[in-house]
Amino acid sequence: MKNRSWLKKNGWLILLIVGFLIAPFVISKFYITILCEAMVMSLFALSFNLLFGYMGQLSFGQAAFYGLGGYAVAMLMTKLQFNFWLSLVAGVGLASLVGLIVGYFCVRLRGIYFAVLTLAFGQLIFVIIFKWHDFTGGDDGIQGVFPPEYLKSIEAYYYLIFFVFALSTLVLWRLVNSPFGQTLKAMRENSERTEFLGIHIARYQLIAFVIAAAFAGLAGAIWVPFYRSVAPSYLTWIKSGEPVMAAILGGPNVFLGPVLGMFIMTFIHAYILGFTHFWPIIMGTIILIIIFVLPGGILGFAKEKLKEKRDIQNQEQVGRRSG
Amino acid sequence: MAEPILQTFNITKDFGKLRAVNQVNLDVKKGDIHAIIGPNGAGKSTFFNLITGYHKVTEGKVFYKGSEITPLPAYQRCQRGITRSFQITSIYPKLTVYESVLMGLLAHRRKTLTFFPSAKKFFKEEVWKILEDVGLANQANVLGESISHGDKKRLELAITLGTEPEILLLDEPTCGMSPEETESTMIFIRRLVNEKGLTILFTEHDMSVVFGIARRISVLHQGTLIADGTPEQVRNSEEVQRVYLGGVA
């Protein structure tokens with residue numbers, strides 16, 4: 001009985017995992033590539049939403065960490081012939097370290113000031129990489145970043161990305177439901193009340209900031225060897241805006257909201273680019289519609305409807321019992 | 001006589017040219033129910049803010065259990081056992097009643113840096129005990145924003161109890177409550193003191209509440225302490241009669 005209700009509740013998840021596992025046998029290479037991009041960008045969006053949806057602070061510089069993860073891998077692998085796996089670890093490490101430094105300043109601020117300072121730091125890091133031609137390749141970026149032989153096929157790398165994405169999602173899921181995640185939500189809801197329960201707000205915000213930077217760095221690090229290159233555009237504020245839109249589209253207050261948002265964005269993007277370059281107009285229109293019609297995002301709206309339905313059912317049951 | 005748990009020496013707070021609290025010396029004794037009263041703008045809330053670390057003092061010192069806490073930030077004072085409620089009810093709108101109370105316990109018992117186990121597994125018994133004590137158990141899964149005003153006040157009290165305070169500072173604990181809610185809150189506060197040995201320092205507008213439960217009353221007027229004593233002494237003080245109580249008590 002218990003098993004059956006578990007299956008009923010989590011059946012969609014199992015279906016989804018099976019779907020991802022068999023996808024390379026079913027869909028074309030083009031769409032596998034798009035799936036890879038969607039998963040990597042979803043991980044990026046989840047890292048962003050730890051700050052936005054859970055901690056309640058809008059970061060507009062998250063792409064800096066995504067880009068740093070990617071650059072660390074690209075430079076270590078092409079310039080120093082570093083091991084692929086060690087480079088991934090180094091990419092996460094660099095993003096976390098810079099996250100610690102940037103976060104140290106940002107967590108002192110709230111709201112729009114937090115957003116603007118993350119934007120400023122993000123652009124600062126972008127400019128350093130963009131201008132430092134001798135070291136980073138400047139606007140040429142870095143090409144020829146190849147994964148090891150056994151990961152060179154699209155399918156093999158797809159499974160690596162899926163594994164990293166699934167594991168990271170699980171870790172982040174546990175994190176937001178842990179006492180630490182509860183504390184982030186409490187700070188979002190009422191930082192004054194939380195401080196007066198004995199919580200050092202800035203310290204917790206800094207930890208969350210570093211964790212978010214680490215996962216953004218992981219997303220960038222895993223993407224670059226798949227794409228075989230990295231460019232300064234990975235760190236721009238335009239890139240930082242993508243997880244913001246994904247979160248708003250899918251719903252920042254539902255854990256998987258940003259993932260759904262990113263999948264929709266990535267697939268529509270890939271589809272629309274087939275016949276027009278005016279992609280931003282289409283995306284802008286979609287965001288506009290979402291904000292006015294479904295203010296909690298797609299999953300936020302769905303969750304609310306489900307809850308309403310359940311409440312009505314509960315009331316009917318209570319009514320029947322008392323009647 | 002019990003020893004003082006909290007002492008202030010000449011604490012003063014200036015906001016620009018305005019002196020909100022002026023050289024107040026006060027002892028709060030352990031296990032007492034101590035009221036701070038005074039007309040609007042007397043400096044009651046500011047005085048609270050100085051003790052809890054919300055504001056920094058301009059001058060003077062605050063001692064808690066014999067050691068100075070004046071330089072400590074708010075969260076450290078709370079970790080040591082000084083917890084407060086706010087005049088304008090301060091709760092978590094989008095957390096459930098249960099999650100809100102759990103937050104106080106997680107914070108106090110230093111579990112907030114636990115990253116992987118589910119928060120729901122922690123302190124179930126303790127949370128339910130507090131919820132039943134304050135009478136919110138039947139609303140455990142309701143969002144903080146959805147409960148009545150009086151219940152929000154009770155929820156804030158419940159959240160603060162999660163931090164297992166030694167001294168609880170309540171800023172207008174019955175403000176906006178119905179007479180029945182006020183009555184039950186008073187009974188509850190008295191019980192906290194008698195059963196758990198808590199010390200209560202509170203401000204209140206409602207004189208029937210003040211004279212109903214306080215064992216000691218201090219009167220602030222324009223930032224200065226003008227009277228301090230038992231309810232009888234304060235009621236009979238001529239100065240208090242003149243500046244504040246008028247014909248009320």
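# A walk through chains A and B

In chain B, 4 strands make an open sheet in the order S2-S1-S4-S5, and the pairing is antiparallel. Strands here are DSSP runs of E with at least two residues, helices are runs of H or I with at least four, and both are numbered from the N terminus. Two strands pair if DSSP finds at least two bridges between them. The edge strands are S2 and strand S5 (67–68) of chain B, each pairing on one side only.

This is a predicted model: local features need pLDDT of at least 70, side-chain atom pairs count only at pLDDT 80 or more, and totals for chains, interfaces and linings use all residues. Residues are numbered from 1 along each chain as its sequence is written, while chains are lettered from A and ligands numbered from 1 in the order in which they are written.

Start with strand S1 (residues 4–15) of chain B. It runs antiparallel to strand S2 (residues 18–29) of chain B, and 8 bridges join the two. Leu6(B) stands opposite Val28(B) in S2(B). The hairpin of S1(B) and S2(B) has 2 residues between the strands, and Gly16(B) takes a positive phi near 60° there. S1(B) also runs antiparallel to strand S4 (residues 59–64) of chain B, joined by 5 bridges. In S4(B), Lys61(B) stands opposite Phe9(B). Tyr64(B), also in S4(B), stands opposite Leu6(B).

Now turn to the other sheet. In chain B, 6 strands form an open sheet in the order S6-S7-S8-S3-S9-S10, with mixed pairing. Its edge strands are strand S6 (82–84) and strand S10 (224–229) of chain B, and each pairs on one side only. From one strand to the next, the twist averages 15°. Within this sheet, strand S3 (residues 33–37) and strand S8 (residues 199–203) of chain B pair in the parallel sense over 4 bridges. His34(B) stands opposite Leu201(B) in S8(B).

Next comes helix H1 (residues 44–52) of chain B. It lies across S3, S6, strand S7 (167–171), S8 and strand S9 (216–221) of chain B, running at about 150° to S7(B). H1(B) also lies across S1, S2 and S4 of chain B, at about 65° to S2(B). Such angles run from 0 to 180 degrees between N-to-C directions, and the axes are lines fitted to C-alpha atoms, for helices over the stretch in contact.

How is chain B divided into domains? Domain 1 covers 1–81 + 166–249, and domain 2 covers 91–164. These bounds come from an automatic or database domain assignment. The C-alpha centres of domain 1 and domain 2 of chain B lie 26 Å apart. Between them, 8 residues of domain 1 of chain B are in contact with 7 residues of domain 2 of chain B. Contact means that the C-beta atoms, placed from the backbone, lie within 7 Å. The side of domain 1 of chain B that touches domain 2 of chain B has 5 nonpolar, 2 polar and 1 charged residues. Ala, Val, Leu, Ile, Met, Phe, Trp, Tyr, Cys and Pro count as nonpolar, Asp, Glu, Lys and Arg as charged, and the others, Gly among them, as polar.

Chain B also meets chain A. There, 31 residues of chain B are in contact with 21 residues of chain A. On the chain B side, helix H2 (74–80), S6 and helix H3 (97–108) each supply at least two residues. H3(B) gives the most, with 7 residues. This side of chain B divides into 17 nonpolar, 10 polar and 4 charged residues.

One helix pair spans the two chains. Helix H8 (residues 179–189) of chain A packs with H3(B) at an angle of about 115°, with the axes 10 Å apart. H8(A) and H3(B) are therefore roughly perpendicular to each other. Angles of 65 to 115 degrees count as roughly perpendicular, under 35 as roughly parallel, over 145 as roughly antiparallel and the rest as oblique. The crossing of H8(A) and H3(B) is left-handed. That means the near helix is turned anticlockwise from the far one by less than a right angle; clockwise is right-handed. H8(A) makes this contact through Pro179(A), Gln182(A), Thr183(A) and Ala186(A), and H3(B) through Glu99(B), Leu102(B), Met103(B) and Leu106(B). By class, the contact has 5 nonpolar, 2 polar and 1 charged residues.

Terms used: Two residues are in contact if their C-beta atoms, placed from the backbone, lie within 7 Å.
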